[in-house]
Amino acid sequence: TMMQDVLDRFLAAESDVYLILQLKDGPETADVRFESFARLEQMGKTPNPSHYEAVYFANTPAYFYGMSNAEALEELYLTFNLKRPPDFRGHSLSVSDVVVLNREGQAGAFYVDRIGFKEQPGFLEQMKEAAQPQKSVTAQVKQTKETTPRVKTKKHKERDAR
């Protein structure tokens, strides 16, 4: 999927990068669009990665170096409200959007809230699963099959060495 492709590129990036995710249009996102995190909690909901689409992917500006995540997020908020990149097709960065940062190999997802940003632990993992739902079970089975013979050969070699 497109999301899978962007995610793979994002996680494999050698430099600092960020993703802007916005809710897809549709009935399933109507009640959560532009809602604060507290409001989501009141509804008994959490941001659902499968309801989002990646609307922008770019290298983090060089001047972000040395900034905290909070400062970097504020800068992105200003950028995507006041001086949006010409190739940005989404709406202004708003409450309910999610910004995903990959800085110095540390990736995190942050919900744009009424004030500030709320980190979403586990969001990236869920996003990866949502991007490839059909793979997970077969991948696990394949993995166990591949790892078992390796273990045996190792033991076998050790036995020979004795």
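Here is a walk through this structure, from its overall layout down to a few individual residues.

What you're looking at is a predicted model: local features need pLDDT of at least 70, side-chain atom pairs count only at pLDDT 80 or more, and totals for chains, interfaces and linings use all residues. Residues are numbered from 1 along each chain as its sequence is written, and side-chain values use heavy atoms, with hydrogens and water left out.

Let's start with the big picture. The chain has 5 helices and 5 strands; both are DSSP runs numbered from the N terminus, with helices being H or I over at least four residues and strands being E over at least two. Of the 162 residues in the chain, 36% are buried. Here, buried means under 20% relative accessible area, exposed means over 50%, and partly exposed is in between, using a 1.4 Å probe and protein chains only. As for contacts (heavy atoms within 4.5 Å), take those between residues at least 6 apart in sequence: 66% of them join residues at least 24 apart.

Now zoom in on the start of the chain. Q4 lies in helix 1, which covers residues 2–12. With a relative accessibility of 16%, Q4 counts as buried. Setting aside neighbours within four places in sequence, Q4 is in contact with A131 and Q132.

A54 lies in strand 2, and its 17% relative accessibility makes A54 count as buried. A54 and L7 are 47 residues apart in sequence, yet their C-alpha atoms are 8.9 Å apart in space. Leaving out neighbours within four places in sequence, A54 is in contact with M2, M3, V6, L19, I20 and L21.

Next come the aromatic rings. A search of the whole structure turns up 9 aromatic pairs. Rings of Phe, Tyr and Trp (its six-membered ring) pair if their centres lie within 6.5 Å; planes under 30 degrees apart count as stacked, over 60 as edge-to-face and the rest as tilted. Take Y52 and F123: their ring centres are 5.9 Å apart and their planes sit at 75 degrees, so this pair is edge-to-face. The pair links distant parts of the chain, with Y52 in strand 2 (residues 52–59) and F123 in helix 4 (residues 123–131), 71 residues apart. Both Y52 and F123 are buried.

Y63 and F64 form another edge-to-face pair, at 5.0 Å centre to centre and with 85 degrees between the planes. Are these two buried or partly exposed? Y63 has 45% relative accessibility, so it counts as partly exposed, whereas F64, at 2%, counts as buried. Elsewhere, ring pairs link Y18, Y56, F80 and F88 into a cluster.

You'll find F34 in the loop between strand 1 (17–23) and helix 2 (37–42). F34 has 38% relative accessibility and therefore counts as partly exposed. Its phi is near 60 degrees, a positive value in a residue other than glycine. R33 lies over the face of F34, at 6.0 Å from the ring centre. (A charge sits over a ring if NZ of Lys or CZ of Arg is within 6 Å of the ring centre and within 35 degrees of the ring normal.)

S96 also has a positive phi without being a glycine, at about 95 degrees. S96 sits in the loop between helix 3 (69–82) and strand 3 (98–103), and at 2% relative accessibility S96 counts as buried.

Our last stop is the loop between strand 4 (106–112) and strand 5 (117–119), where D113 is found. What does the side chain of D113 reach? It reaches the backbone nitrogen of F37, at 2.9 Å. Not counting residues up to four places away in sequence, D113 touches S36, F37, V95 and K118. D113 is buried yet has no salt bridge, and the nearest side chain of opposite charge, R114, is 6.2 Å away. For that check, a salt bridge is a side-chain nitrogen of Lys or Arg within 4 Å of a carboxyl oxygen of Asp or Glu; Lys and Arg count as positive and Asp and Glu as negative, while His and the chain ends are not counted.

I115 lies in the loop between strand 4 and strand 5 as well. I115 has a relative accessible area of 78%, so I115 is exposed. I115 and V95 are 20 residues apart in sequence and 8.8 Å apart in space, C-alpha to C-alpha.

Technical notes. A polar contact is a pair of N or O atoms within 3.5 Å; within protein, one must be able to donate a hydrogen and the other to accept it, and residues adjacent in sequence count only if both atoms are side-chain atoms.
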